[in-house]
Amino acid sequence: MSDEKLESLSTVTLKNGSSGKKANSLKSIGNSESTISSQPSNQLSAGLLGWYSVCSSKTLKSGELSFITMFNEPLVLYRDNDSRVRCIKDLCPHRGASFQGGTIDSGEIICPYHGGRFSAEGTCTNLDRITCQHIVDSNYNNYAKKIHLYQYPCIENNGYVYIYYTGEAKTDLKEFEFKRSLKDSLPEAYGFETSEYAFEEVFVDFKCDWARIIENHLDILHIFWIHGNTIPDKDVNRNAITSFDQEITRDSRHIESKYHHKKNGNGEGEFISIKFVPPGRIMIYKGTPKTARYIQVLDHIPLGSNRARVIVRHYRKFMKNKVLTDLILFKHLQQRIFYKVFSEDYLVLKTQTFNEQMGYIKKDNVKLLGEDKMVQYYWDWHQNALNKDKPWQIHATNSNTNTVHLDMPMPYPPENPKLAIENQRAIVIKLLIRALVPIGLLLLII
Ligand code: FES
Ligand SMILES: [Fe+2]
């Protein structure tokens, strides 16, 4: 399909960017979000700094430290005494050690270097361990005030942990000004009532540019070819015709593309809808938000240059019975498919990252085709956001920077194929047990 035809199919919808109804209650630490204003526009208002889903609530256990990087900046996530999530810069304000090897005690984080201990708000609660109390008392501004953690605002919502990432952690969370509401990122803002669905989650780590992964997930064409033998849909295979009518909607909050099979004409034979909500969320579904039987929510986390994590949540209105899904190993089988799908993409993503970094992927060298309209819009937004926010320059590393954070293992497949193998093994063992139990019972009877 020509670009002109695509353009004529595109509908540009203007909305006022107001947050959705019935969004789940937000449990937040930080400033109120009353400073947000959104202008009606067909350009995405969000840049690359803002709300990111960075992990799942259930993986962040009380008493444990969870280390992550955002745009190369090392951060620590943990739960304070009230079980609220804290996100601090991984830097002890005493002498600059990392909290790696540190501990949590009664919700307070303790530095492994000299035992400096910090309250949830970030003040040092045992300065007398580091220096003499009378010195602290007589010169408060030089000690207690300066030895203070740097934090980012956090919100937990619907089992996700979100942080408001600006590149500049602050000692006082009230100083943050929210340029965008988290509500605009939630599925509920677009009519999806996720509480009506069951879901499974998969985490995936990649050593490549995070923007290439987002681009991959916006790209409908490649699934027929590269994942044609893996995705359990008879219509998705290498021999299928992979050309669609496409309808694109844009407003200040999101870009959406609906793909229809050509043979059925517009409005019928919908193949899939893909919604991009900046900076890092994609929702994939079929039907309307009210009727969709499944929604795939993908969150892309820019850990660092050449490092990214994806959280994949698969919401479904079918197979909601836990006993039944356990019985048929639904979670394991789903993970198996996801691990395989992401492994199939991995070499492409890494080589594409190289080509991008070498400057090979530019207008004169590559040609976006009809169905790549979504990718084109994404590229446009991403380039503008890069120019505006320059997130990679805030904590830029260079060839002299040591690689301590880069050397940290990335725990999830395809970077860690061991998990995928363990998952396969669990499937085989559980299936064997299920086959052997009736045989054992039969033997007992006879
Ligand atoms: S560096 Fe953390 S207590 Fe000294
Ligand atoms: Fe893919």
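The questions and answers below go through a predicted model, from its metal site to its strands and helices.

Residues are numbered from 1 along each chain as its sequence is written, while chains are lettered from A and ligands numbered from 1 in the order written. In this predicted model local features need pLDDT of at least 70, side-chain atom pairs count only at pLDDT 80 or more, totals for chains, interfaces and linings use all residues, and side-chain values use heavy atoms, without hydrogens and water.

Me: Which residues coordinate the iron ion (ligand 2)?
Reply: Donors are N, O and S atoms within 2.8 Å of the metal (3.2 Å for Na, K and Ca); water is not among the atoms, so sites may look incomplete. The donor residues are spaced H-x4-H-x117-D in sequence. At 2.0 to 2.6 Å, the iron ion (ligand 2) is coordinated by NE2 of His222, NE2 of His227 and, through two OD entries, Asp345.

Me: Are histidine 222 and histidine 227 buried or exposed?
Reply: Buried means under 20% relative accessible area, exposed over 50%, and partly exposed in between (1.4 Å probe, protein chains only). By that cut-off, both histidine 222 and histidine 227 are buried.

Me: Which residue in β11 is the bridge partner of glutamate 156?
Reply: Strands (E, at least two residues) and helices (H or I, at least four) are DSSP runs, numbered from the N terminus. Two strands pair if DSSP finds at least two bridges between them; β10 (residues 154–157) and β11 have four and run antiparallel. Glutamate 156 has as its partner in β11 valine 161.

Me: Which way do the side chains of β11 point, and which residues lie opposite Tyr160, Tyr162 and Tyr164 in direction?
Reply: In a regular strand the side chains alternate between the two faces of the sheet. Six of the six residues of β11 (160–165) are buried. Tyr160, Tyr162 and Tyr164 point one way, and the other way point Val161, Ile163 and Tyr165.

Me: Why is helix α4 largely enclosed by the rest of the structure?
Reply: Helix α4 covers residues 210–218, and Trp210 and Leu218 are among its buried residues. The helix is largely enclosed because the number of its residues that are buried is nine of the nine.
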